[in-house]
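The sequence and structure come first.

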Amino acid sequence: MNYNLLNHRSLWSLDNLSSADVLALLDTACSLKKANQEGHPQRPLRGKNIAVMCESPNDPALASFTAAATALGAQVAHIRPSSSRITQPAASHETAVVLGRLYDAIECEGMPLSLVQEVERTAGRPVFNGLAAANHPLRVLGDLMTMREHSGKPLSQTTLRLLGDEHSPENDAWRRAAALTGLELRTTPSDPAPDFLWDPQSPTRCSDGRAELACSCPGEHPPLAADQVDNHRFTLQALLCSTVA
């Protein structure tokens, strides 16, 4: 499989992805999941070195990103920004250059946006801004994967009701995803019953803190939380493969 889909882009949101990119990423995630389930996990990042810049060694996003990358064969180094020269204005440019020479990609967790932008401008490598965080806009890809698996339909034939603040970053990500995939969004109770429901205020959460999708399809359906967590991992791996491999 040709994993180098996105030509070493830095991915911070859905904004720089096309419809074809999104569908190809979902197909890649499905292929990685299938290979893993069949006992043949793929290692397309073998020989790659990735830096994760994160202040706390106990950050859940650090653990999530590290697990996803190492499962693909990458070597991951944890760098505390406060222990490096990246936070020193006079040395940040030089430090970013060095990072670009040492690593094939750089993940920045919880760093000021201006500093992440400096790393992106200077390192010459894919730079991710909180890619593994539970509220990252690209996490919607994992939910799209779950919806496609459980409905058995193309996303262009699937409906989702969005609840909560229509101007929230999560709802913005869903609207962008819908524009890219043809997913039909329904926002009011008077709309016909949707296939799925997304309520960010629901007390029902995935183990990683993400709001749980609810399936509205007729019949009995198990909770989707476990599949959501798995699919978030495989779409994260698809993003890494497509930018770093």
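This is a predicted model: local features need pLDDT of at least 70, side-chain atom pairs count only at pLDDT 80 or more; totals for chains, interfaces and linings use all residues.

D143 is part of helix α5, while R210 sits in the loop between β7 and β8 (214-215), so the pair ties together parts that are 67 residues apart in sequence.

D143 and R210 are both buried. The pair also belongs to a network: salt bridges with shared partners join D143, E170 and R210.

## Other salt bridges

Side chains of opposite charge can pair when their charged atoms come close. Across the whole structure, a search finds 15 salt bridges. One of them links the side chains of R9 and D21, at 3.3 Å from N to O. R9 is in the segment before α1 and D21 is in helix α1, so this bridge ties together parts that are 12 residues apart in sequence. R9 counts as partly exposed because its relative accessibility is 27%, whereas D21, with a relative accessible area of 9%, is buried.

Another salt bridge joins the side chains of R125 and D104, at 3.8 Å from N to O. R125 lies in the loop between α4 (113-123) and β4 (127-129), and D104 in the loop between α3 (92-102) and β3 (105-109), so the pair ties together parts that are 21 residues apart in sequence. The relative accessibility of R125 is 32%, so R125 counts as partly exposed. For D104 the value is 17%, so D104 counts as buried.

In soluble globular proteins, nonpolar side chains tend to be buried together. The largest nonpolar core here has 50 residues, and the members that touch the most others are F65, L141, L144, L160, W174 and L240. At least two residues of this core come from each of α1, β1 (49-54), α2 (60-71), α5, β5 (159-162), α6 (169-181), β7 (196-198) and α7 (225-244). Helix α7 supplies the largest share, seven residues.

What is L160 in contact with, leaving aside its neighbours within four places in sequence? The list is M147, W174, L183, E184, L185, R186, P194, F196, L197, W198 and L213. There is also a second, separate core, which has 15 residues, M53, L99, C108 and A123 among them.

## Packing of α1 and α5

Two packed helices are described by the angle between their axes and the distance between the axes. For helix α1 (residues 19-37) and helix α5 (residues 140-151), the axes come within 10 Å and cross at roughly 70 degrees. Angles of 65 to 115 degrees count as roughly perpendicular, and α1 and α5 are therefore roughly perpendicular to each other.

Which residues make the contact? On α1 they are V22, L25, L26, D27, A29, C30 and K33, and on α5 they are L141, L144, M145, R148 and E149. Sorted by class, the contact of α1 with α5 has eight nonpolar and four charged residues, and no polar ones.

## A24 in helix α1

Helix α1 also holds A24. Because its relative accessibility is 23%, A24 counts as partly exposed. A24 and V97 are 73 residues apart in sequence, and their C-alpha atoms are 32 Å apart in space.

Conventions:
Residues are numbered from 1 along each chain as its sequence is written. Side-chain values use heavy atoms; hydrogens and water are left out. Axes are lines fitted to C-alpha atoms, for helices over the stretch in contact, and angles run from 0 to 180 degrees between N-to-C directions. Helices (H or I, at least four residues) and strands (E, at least two) are DSSP runs, numbered from the N terminus. Angles under 35 degrees count as roughly parallel, over 145 as roughly antiparallel, 65 to 115 as roughly perpendicular and the rest as oblique. Contact means heavy atoms within 4.5 Å. Ala, Val, Leu, Ile, Met, Phe, Trp, Tyr, Cys and Pro count as nonpolar, Asp, Glu, Lys and Arg as charged, and the others, Gly among them, as polar. A nonpolar core is a set of buried Ala, Val, Leu, Ile, Met, Phe, Trp, Tyr and Cys residues joined through side-chain atoms within 4.5 Å. Buried means under 20% relative accessible area, exposed over 50%, partly exposed in between (1.4 Å probe, protein chains only). A salt bridge is a side-chain nitrogen of Lys or Arg within 4 Å of a carboxyl oxygen of Asp or Glu.
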